[in-house]
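These are my notebook entries on a structure that I had not examined before. I set down what I looked up, in the order in which I looked it up.

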There are 2 protein chains.
Amino acid sequence: MPRTLEIVDRQLGERCCDINARPTRSYAEATKLATELEQLANPVRLQLLDVLTRNEGRVCVCDLEAAVPVKQPTVSHHLRLLREAGLIESEKVGQWVYYRIKRDEARALRERIQNLLGAFA
Amino acid sequence: MPRTLEIVDRQLGERCCDINARPTRSYAEATKLATELEQLANPVRLQLLDVLTRNEGRVCVCDLEAAVPVKQPTVSHHLRLLREAGLIESEKVGQWVYYRIKRDEARALRERIQNLLGAFA
DNA sequence: GGTATATATTGACAACCATCGATATACTCG
DNA sequence: CGAGTATATCGATGGTTGTCAATATATACC
């Protein structure tokens with residue numbers, strides 16, 4: 001229930017801080033959400049997720065490499081971050097490694113972020 | 001329209017990369033979205049937005065200071081980032097500065113991010 | 001003017017992040 | 001085994017970010 005302040009009515013010299021506003025989320029919760037946003041907040045990772053989402057099944061690293069404008073070690077680095085975030089998984093087949101998106105995890109993350117965004121707007 | 005790869009049918013020694021997967025978003029678009037996610041991806045900024053969203057009208061800096069576990073210069077720093085991102089605005093009244101959320105901008109940002117998230121999950 | 005308060009800015013520092021060349025590891029084929 | 005390929009890891013580097021003490025700026029009141 002938002003309140004509207006009546007600032008003009010306040011006497012000069014009073015304290016301004018009369019609403020005692022507190023966040024509804026603890027700092028720990030805010031930190032967790034911020035971490036999840038950071039996991040997405042990189043153009044290479046967004047493009048990798050884009051490709052993996054649109055290619056049902058498995059995509060090999062060399063395809064992913066071709067899809068983004070950075071070199072192979074950097075692709076490996078971002079794939080590792082996404083794997084550690086639980087958003088993708090990999091499987092080795094012969095000399096290749098195929099990645100695939102974990103749809104359930106991705107959907108759950110999307111929903112957490114959408115919840116967050118719903119809180120302000 | 002996602003495709004399922006038939007990896008088991010491929011002869012060993014063939015190239016793995018036969019799908020020529022391309023992202024649907026340009027690197028520039030991905031960068032823009034990543035930037036917007038980064039603007040949110042910080043616990044202090046999330047808490048500040050939380051308070052500002054829940055207090056219709058204006059909230060003074062000292063209230064915001066009380067709501068987050070960092071010192072005054074750091075609060076000022078994050079308020080500046082949010083202001084530069086176009087998500088909040090401020091107004092000086094006497095010796096105090098009141099901040100308020102820009103609901104239209106916040107809603108537009110939310111919608112852009114939700115569009116993005118819809119793309120994978 | 002002088003003192004007090006609210007907020008912003010500056011400057012320094014540590015931590016973190018993205019990138020890449022070089023190298024390591026693991027696999028395939030001959 | 002040796003040569004070639006795919007991917008991961010290491011190590012270095014440059015850039016960015018978060019934080020705070022100190023200081024500056026603006027305002028209010030006496």
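**Entry 1. Helix against helix in chain B**

I began with the contact of H2(B) with H4(B), where Val44(B), Arg45(B) and Leu48(B) in H2(B) meet His78(B), Leu79(B), Leu81(B) and Leu82(B) in H4(B). Helices (H or I, at least four residues) and strands (E, at least two) are DSSP runs, numbered from the N terminus. By class, I found 5 nonpolar, 1 polar and 1 charged residues in the contact of H2(B) with H4(B). Here Ala, Val, Leu, Ile, Met, Phe, Trp, Tyr, Cys and Pro count as nonpolar, Asp, Glu, Lys and Arg as charged, and the others, Gly among them, as polar.

I then looked up the geometry: the axes of H2(B) and H4(B), the latter being residues 72-84, come within 10 Å and cross at roughly 70°. H2(B) is therefore roughly perpendicular to H4(B). Axes are lines fitted to C-alpha atoms, for helices over the stretch in contact, and angles run from 0 to 180 degrees between N-to-C directions. Angles under 35 degrees count as roughly parallel, over 145 as roughly antiparallel, 65 to 115 as roughly perpendicular and the rest as oblique.

**Entry 2. What I am reading**

I note that this is a predicted model, in which local features need pLDDT of at least 70 and side-chain atom pairs count only at pLDDT 80 or more, while totals for chains, interfaces and linings use all residues. Residues are numbered from 1 along each chain as its sequence is written, and chains are lettered from A and ligands numbered from 1 in the order in which they are written.

**Entry 3. The sheet of chain B**

In what order do the strands of the open sheet of chain B stand? I found 3 strands in the order S1-S3-S2, with antiparallel pairing. S1(B) and S2(B) (88-93) stand at the edges with a single partner strand each, so one side of each is left without a neighbour in the sheet. Two strands pair if DSSP finds at least two bridges between them.

S1(B) and S3(B) are joined in the antiparallel sense over 2 bridges, and Cys60(B) has Tyr98(B) of S3(B) as its bridge partner. S2(B) and S3(B) pair, also in the antiparallel sense, over 6 bridges, with Val93(B) opposite Trp96(B) in S3(B). The hairpin of S2(B) and S3(B) has 2 residues between the strands, and Gly94(B) takes a positive phi near 60° there. H2(B) lies across S1, S2 and S3 of chain B and runs at about 85° to S3(B).

**Entry 4. Chain A**

I counted 5 helices and 3 strands in chain A, following the pattern α-α-β-α-α-β-β-α along the sequence. Of the 121 residues in chain A, 32% are buried. A residue is buried if 20 or more other C-beta atoms lie within 10 Å of its own, exposed if 12 or fewer, and partly exposed in between, with C-beta atoms placed from the backbone.

Because Val97(A) has 18 C-beta neighbours inside 10 Å, it counts as partly exposed. Leaving aside neighbours within four places in sequence, I found Val97(A) in contact with Cys60(A), Val61(A), Ser90(A) and Lys92(A).

**Entry 5. The two chains together**

How many residues does each chain give to the contact? I found 58 residues from chain B and 58 residues from chain A. The side of chain B that touches chain A has 36 nonpolar, 10 polar and 12 charged residues.

At this contact H5(A) (residues 103-118) and H5(B) pack at an angle of about 170°, with their axes 11 Å apart. H5(A) is therefore roughly antiparallel to H5(B). Arg110(A), Ile113(A), Gln114(A) and Leu117(A) in H5(A) meet Arg110(B), Ile113(B), Gln114(B) and Leu117(B) in H5(B).

Last, I looked up how the copies are related.

Notes
Contact = placed C-beta atoms within 7 Å.
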